[in-house]
Amino acid sequence: MGRYEPAAAEQKWQAVWTERGAFLCRDDSPRPKYYVLEMFPYPSGRIHMGHVRNYTLGDVVARYKRAKGFNVLHPMGWDAFGLPAENAARDKGVHPRDWTLANIATMRGELQRMGLSIDWSREIATCHPGYYQHQQKLFLDFLKAGLAYRKKARVNWDPIDQTVLANEQVIEGKGWRSGAPVEKRELEQWFFSITRFAEDLLQSLDRLESWPERVRIMQRNWIGRSEGARVQWEIVGQKAPLEVYTTRPDTLFGAAFLAVSADHPVAAGVAARDANARAFIAECHSLGTSLEAIEAAEKKGFDTKLRAKHPLKAGETVPVYIANFVLMEYGTGAIFGCPAHDQRDLDFARKYGLPVRRVVAPAGGAADGEIGAEAETGDGVLINSDFLNGLTVAAAKVEVAQRLERDGIGKREINYRLRDWGVSRQRYWGCPIPVVHCAGCGIVPVPEAELPVRLPDDARFDESGNPLENHPTWKHTTCPRCRKAARRETDTLDTFVDSSWYFARFCAPRANVPVDRKAVDTWLPVDQYIGGIEHAVLHLLYARFFTRGLQATGHVGLDEPFSALFTQGMVGHQTFKDDQGKWIYPADAVVAEDGTARHKDTGRPVTVGRSEKMSKSLKNVVDPGAIIDRFGADTARWFMLSDSPPERDLEWTDAGAAGAFRFIQRLWRLFDESADQLPTPRTPAPKSFGSDATALRAVTHRTVAKISADVERFRFNVAVARLYEFVNALAPDTGAAKGADWLWARREALEALARLIAPMVPHLAEEAWRRLGHATLVVDEPWPEHDEALAREDVVTIGVQVNGKLRGTIEVSVGMAEAAVRALALKEAEAQERIRTALEGKPIRKVIVVQDRIVNIVV
RNA sequence: GCCCGCUUGGCGGAAUGGUAGACGCAAGGGACUUAAAAUCCCUCGGCCUUCGGGCCGUGCUGGUUCAAGUCCAGCAGCGGGCACCA
């Protein structure tokens, strides 16, 4: 047949798989279930190399598990709501739905060309009313359960996208998508009570043993649990005490001042009678929230002239400041400052000339010196602290908390950095929030029978603000309760809500309830979830919360949706800049042997930059479609799996892709040139095997054992290396002058090879399987099993060291007793010159023998 | 600033505390060919070599061990997360 033609073969086998429904997943299979899911894509227009990597990894797992006898659920869908569709509408005059659906059609075709083992009959798109109507029902259930609520809050406002962002969506003070500095605005917003589950979300991380440790650490930090105490301070001349939150109640005797947030009621009280205070508060509010603004901002305070009485020290009072660095949203919005043991408090005290009193003597250090520019935050023993003197910091925390609680002026408290999830978005292309605002009845849920609340088709996208708000008629409705005129909610849900339950919808994608309980009880949790590290906090934390919400409202019976998570690395590529300093596409750069580059058309010099994550802005993108056109999907898939471990970043190189293609051809030649000499399929094994055949079978069975172990552990790059070795071992033999036993063993080897490569390069595997004379499909074949007895090595070469340095090797039979190995090693030590000269007749002090590993002669 | 990870040939990377550099890419040499492509074979960490081999070598400095890329301590560089959270 000659050269392998991927284009023809891939199309042929994809058609065969589709025709046979090879990947349709049945709910009633007697096989054990396995749910493998890759994070579904946003339909931006075309697939990119990151998708190719993600879906190749998932497909290897899916196909491997199928071959291992599992009933595999491997679905695909579209994270289809979101702002780019509205931007396209504004810029190109195309309706967001049309733009989205066209992108989905394109990208579905591209994914199908990759030959993924996906059950396309379960495809969903979150922008489809058949999806979002159920999300609206879930919202109403959450509302009923108190998990969704509305409140006025200072929220993150993205001035470019003209919408609100959740805390998690603000990166370094900028919108996660627009990159614009985020402003603070006071707005009525919908929230999900993610903080209700803060403790559980934190504790349960310990159970997620098959999640990457760093993702768990990032979530732990994000939740930010802190143990401390709430302490009441009486303010001279006022009735209501001021409550502060602290994690260092042990340092209470070192308190030099109190500080409240500019948004604190106490600040408002002062502002009411003091114009200077009003000015200061206004200044605090005008401060930007960007990283630069925060770093540049000085710690500033405004002395309210109020005095607070020390709760444990009769007769002592401290000043009360309004300070620009105190957050209203955390703790009580007020703090006490202990300058000696907190850097920020020390900076503040130095600036305003407040006393610095040490109350912790550092462990092993001098306690008499002055506090310098650095606060002492380490452990130690309490001093200058009345009844706490002599206690360690830890003991003092306990002691002071007990005293505060006894005296009724404070209590232990646990706080979390995590805030409730703001889900309101002032956008069109999202799931409408199904409530109505009625002047008389308040917030009224839309009756379930009236769901879905559909988006209007005729919104305008050429004016600023929320298209739903701007729409002439859509928001006008009647109150479901009193039937009077009322206003529809015009906020839509954050698109992260859409992706917080899609994995549950896949279990029964056409069910007429949001989540079919029987189906999710069968399929959930997802056994293997695969996606990018960039969702470590956002999506993965939301999905964990939402699953708890689904559990609380009876939709599912579990709290953790993903029992194993794999985070793949990014795909990078070299960057190129022309002599104008503009980024250019790699395809437009011609790189010479010496590493310099020129522009393909102009011939002008091009600067070759470091490898970066592929992105449109750097133009260092390679179009997967073009690669598949040129080399085929199998080559793209093979490249994604070879060389780099999947969790690490992978650099796309043309040479690597060409190398992968050469190997695909080489694999095909191996099958093609061997096939005709082999015995027919299913020829019974010969009664006995000669030494050549036995050796070949040993290689085969060892390879099967190793690759199985590597695939199980996601070590695909190592599995690929083993396949190269296997092919190298098989390639030279043409079968001339070999016996029937050897030819039988060679068929065994090639059939194993075809099945081993099937998860990685499935089209070539089918072609090879057919060439080996089978009428069946390799996708229906079981994963090869290895025979331990055949795989076992009986002789092993081990190193002989002298004083830890390798001087020679000896061959021993596996499992040879220590004494025998020692004797052999010492005998060889005389025979092998290298070892003998290293020993130089010195007296042997000790001989260490590690079975099947090494001998070390110590002299 | 705090938390986490990484650092091995020209490059991507292998290596349950036990023969460092598997496998691949790139490079060099050779075979085949009128030629090229494709394919096949050989070499490929550094220094020295009488060609047997010797010495050094996994970011740096120490330590534990018969034995360290691997374990421990300190340092450096690179990358990621958090960012006034009291």
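Modeller: A cavity is a set of points, on a 1 Å grid over the protein atoms alone, where a 1.4 Å probe fits but cannot get out. Its volume is the space filled by probe spheres set on the points, which are joined across faces, edges and corners.

This is a predicted model, where local features need pLDDT of at least 70 and side-chain atom pairs 80 or more, while totals for chains, interfaces and linings use all residues. Residues are numbered from 1 along each chain, chains are lettered from A and ligands numbered from 1 as written, and side-chain values use heavy atoms, without hydrogens and water.

Two cavities reach 30 Å³ or more. Start with the largest. Its volume is about 190 Å³. Nonpolar covers Ala, Val, Leu, Ile, Met, Phe, Trp, Tyr, Cys and Pro; charged covers Asp, Glu, Lys and Arg; the others, Gly among them, are polar.

Two strands, E6 (163-165) and E26 (492-493), each give two or more residues to the lining of the largest cavity. Strands are DSSP runs of E with at least two residues, and helices are runs of H or I with at least four.

E6 belongs to an open sheet of four strands, in the order E6-E5-E9-E19. The pairing is antiparallel, and strands count as paired if DSSP finds at least two bridges between them. E6 and E19 (421-422) are the edge strands; each has a single partner, so one side of each has no neighbour in the sheet. Strand E9 (183-192) meets E19 through two bridges. Phe191 stands opposite Gly422 in E19.

Now the second largest cavity. About 110 Å³ of space lies in it. Its lining includes Arg63, Arg66 and Ala67, along with Arg755, Glu781 and Trp783. Helix H2 (49-67) gives the largest share of that lining, three residues. Eight of the lining residues are nonpolar, none are polar and four are charged.

Methods:
1 Å grid on protein atoms, 1.4 Å probe; cavity = no way out; pocket = protein on both sides within 12 Å on 5 of 7 lines; lining within 4 Å.
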